[in-house]
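Reader: Please take me through this model. I will ask what stands behind each label.

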Amino acid sequence: MQVVVFEDDRVARLHPITLGRPAYAITCATYRLADWLPCLGASVRAVTRPHLREIQRIDFPQLSAAADAGDSPTLLVNARTAPSVAALRTLESIAQAGRTGIVRSGESVAAALLPPGAAPPHNIAVEGMRGFLASPAVASLPELADSLPLFDYPHDVVRLH
């Protein structure tokens, strides 16, 4: 399995917190999503805004050079997911169940388990993720009953702390 953590178009609402760091690097209760994702036991790659790619390459090299998913499923994880033990357990449950599906938080995709061969391309940009998430391959996935909290605004970091 491969994990793809992605920033979506709503990451701009988190300014100034995300001005100089990817959303997966937001610290909440001493946790960062970037630290939890490798615990899923899969290769992890990240889709982040262009001005942060060099920061990602230097600070998070483990998220820059993940192998191709090949014939295995892909777990998409929104970078705005609040890092917590409960969120990690939910992501582990989704991955272990192996049922393709999508978890929404409001109108946003919080996570999705894609079937083999449906991973986003390695060169996809944040702007391209919107189209990828709206594509029939993702949008037609069945809804999963799980829930994941997302940071929507800076005050959510304090609220979820």
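Author: Start with burial. Buried residues make up 48% of the 161 residues in the chain. The model is predicted: local features need pLDDT of at least 70, side-chain atom pairs count only at pLDDT 80 or more, and totals for chains, interfaces and linings use all residues. Numbering starts from 1 along each chain as its sequence is written, and side-chain values use heavy atoms, without hydrogens and water.

Reader: What makes a residue buried?

Author: Relative accessible area under 20% is buried, over 50% is exposed, and in between is partly exposed (1.4 Å probe, protein chains only).

Reader: Why is Ala29 called partly exposed?

Author: Its relative accessible area is 28%. Phi of Ala29 is near 60°, a positive value in a residue other than glycine.

Reader: And why is Thr30 called exposed?

Author: Thr30 has a relative accessible area of 69%. The cut-off is over 50%, so Thr30 is exposed. Its phi is also positive, about 70°, although Thr30 is not a glycine. Thr30 is in the loop between strand 1 and helix 1.

Reader: How many helices and strands does the chain have?

Author: There are 6 helices and 5 strands. Helices (H or I, at least four residues) and strands (E, at least two) are DSSP runs, numbered from the N terminus.

Reader: Why is the chain called as compact as a globular protein of its length?

Author: Its radius of gyration, taken over C-alpha atoms, is 14 Å.

Reader: What span is expected of helix 3?

Author: Helix 3 (residues 85-97) has 13 residues, and 18 Å is expected at 1.5 Å a residue. The rule is 1.5 Å times one less than the number of residues. From first C-alpha to last, helix 3 reaches 18 Å, close to that expectation.

Reader: Which elements do the buried residues of helix 3 pack against?

Author: Helix 1 (33-36), strand 3 (74-78), strand 4 (101-105) and strand 5 (108-114). Contact means heavy atoms within 4.5 Å. Among the buried residues of helix 3 are Leu88, Leu91 and Ile94. Just after helix 3, Gly98 takes a positive phi of about 70°.

Definitions and conventions
The radius of gyration is taken over C-alpha atoms; the globule rule is 2.2 Å times the number of residues to the power 0.38.
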